[in-house]
Amino acid sequence: MLVKDIKDPSFLKDLDINELNKLASDIRKFLIESISVTGGHLASNLGVVELTIALHKVFNSPTDKIFFDVGHQSYVHKILTGRADRFSTLRQFNGLSGFEKRNESIHDVWEAGHSSTSLSGALGMAISRDLNHEHYNIIPVIGDGALSSGMALEALNQIGYEQRNVIIIFNDNKMSISQNVGALSRSFNRIRSDKSYNKMKTDLKQALSKNDLTKAVLHGLTNVKDTIKETVIDSGIFKEFDIEYLGPINGHNFKELINALETAKMHDGPIVVHVKTKKGKGYLPCENDIDGMWHGVGPFNPKTGKFLNETPSNYKQWSQVLSDKLCDIASNDEDIICLTPAMIAGSKLEKFFAKYPERSFDCGIAEEHAATLAAGLAISGKKPFLSIYSSFLQRCYDQINHDICRMDLNVVIGIDRAGLVGADGDTHHGVFDIGILRSLPNIIIAQPKDSIEAQDLLYTAFKQPHPFAIRIPRGTIDYNSNNDELIEIGTWTKHGCLDDFKVVCLTYGPDVDKIAHKVMINDLKVLVINCRFIKPLDHKLIDELCQYHKPVVVYETDMLSCGLASSILEYLCDTDQHLEIHRMGIKDNYVTFGSNNQLRKMEHIDIISLFELLNDLLQRE
């Protein structure tokens, strides 16, 4: 059977080990060929090919609930559940999602784009199943990176207490996006390498291969749990949570996988099946990657492993601009500390971590801890820079509120991936952080229009005493060096038509220069204002605009709710002033995946829609 012809996983029941190995090889080839064209999450999916096939052979989806933490490693699951013929549309507008989506298939029983949610969701499903007196298996697949998150540990705590039937697949590849860190990671290393565990693993394989246990269970053992315990290791952290443990199992060996999963299926109570896999297995560039370069990729040449979309020589990633500037500032200030929750590569922090290892801290997938750690550093006289994706920042709202802003600490937050992020979709769009942060006292929120302003804002952030958030989008920017100029907090700048204007456009970020350039070449009477500080507002300039009585368009590509326009309207109301304001931004809905241009057009926040509105207002004047 060709991979594209797979309709549902039922055919796996009839395949022997040799046929399963052939299928795994075919799926790997299919993944490499498909993702080399569309881009996507490659390494994580190559690592779970045999595991996913074994899960669907042993269990009966969708009656049995198989789902993945985070969800970006669900491509093999999608293939086995009949979606291979749509892989040419992967992560494309109106195409196949890069994550599990309930509206895509009845086999997608959970959705997540952020890590460590699976165990809490699984327990909720188990409680509902038992209350309804139903009988089916619940099988969350969680990696060792996600398992280090506080939320996952909280869920383990209650899973152990409830003792509901949940089969937790611990996918252990020593990686999240890049290599894992922390005491839990070291604990898992001990489990992998301890001689007694390796001996027990051998004993386990021998016991399972004899099939005596299976026969005994099928004949009605009165105490399944005690019997299975003879081939189960009560290991480390899982024992402390009163959860049985089975493994380690070779995650690329079908015989071991199937036997272990069949055993776990007969266990009464929660059980962890520890499966050792290799991230990127079957494609050498992925297997050799320790920095996360092959976690999420764009199009590439599958033969050479060379990425097709190269950054022009005079351009840098926005995150690289901030990271390089941070290194420069840190060279003259030994109090500068850099922290990130598992995003060293994603936020281009490799240079800082290499140059200042004693001042660099990867907190793992633990955003809440990272934020409060930054507060502890700041209150002790250090100057922490917390680099975090916008979509992950929302996970540490309480810590930013309670620990950073409430104590008015000088933590500089680099909000990476702010705004729409394209193919990752609704779980990753960084369009909520303004609304999340704007209501918090003491915090300053800014977004630069270009690389020079980005560097100056970072320099300014460390020269003032308050929490300071700098938003930067995903993508590249024409790079120019700067001279470390302080920017007065809360000031905006004017561009476009400075005199005799008829309409005003307020916006922020890289759209400022695009709009100003289009205004100039079309000789439009539009004053463009760079609202580089979203909080505090430039009250002086707003007061000035009120004297002109000109229509104002506030153009945002983030959520309208609690955004820049809302803030301006609040100020006008409080000061009893009036402006004719037209708002453009994302309405009260989640945005799907696709290219940013497609998404902007769909949400009516593209540049064409903006200039149609501006021209209508100009004609009216």
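This is a predicted model: local features need pLDDT of at least 70, side-chain atom pairs count only at pLDDT 80 or more; totals for chains, interfaces and linings use all residues.

**Entry: cavities**

I wanted to know how many cavities of 30 Å³ or more there are in the whole structure. The search found three. Why use a probe for this? Rolling one the size of a water molecule over the atoms shows where empty space is left.

I picked the second largest cavity and looked up its volume, which is about 60 Å³.

Next I checked who lines this second largest cavity. The list is Ser319, Leu322, Ser323, Ser347, Leu349, Phe385, Ser387, Gly414, Asp416 and Ile472. Sorted by class, that lining has four nonpolar, five polar and one charged residues.

Which element gives the most to the lining of the second largest cavity? I found that α14 does, with three residues. I also noted that α14 (318-331), β13 (383-389) and β14 (412-416) each supply at least two lining residues.

**Entry: strand β5**

I moved on to β5, residues 244-250, and asked how many of its seven residues are buried. Six of them are, so I wrote the strand down as mostly covered, with buried meaning under 20% relative accessible area.

Then I looked for a partner. β5 pairs with β6 (residues 271-276) in the parallel sense, over five bridges. One pairing I jotted down is asparagine 250, whose bridge partner in β6 is lysine 276.

Notes. Residues are numbered from 1 along each chain as its sequence is written. Side-chain values use heavy atoms; hydrogens and water are left out. On a 1 Å grid over the protein atoms alone, a cavity is a set of points where a 1.4 Å probe fits but cannot get out, and a pocket is an open set with protein on both sides within 12 Å along at least five of seven lines; lining residues have an atom within 4 Å of a point. Grid points are joined across faces, edges and corners, and a volume is the space filled by probe spheres set on the points. Helices (H or I, at least four residues) and strands (E, at least two) are DSSP runs, numbered from the N terminus. Ala, Val, Leu, Ile, Met, Phe, Trp, Tyr, Cys and Pro count as nonpolar, Asp, Glu, Lys and Arg as charged, and the others, Gly among them, as polar. Buried means under 20% relative accessible area, exposed over 50%, partly exposed in between (1.4 Å probe, protein chains only). Two strands pair if DSSP finds at least two bridges between them.
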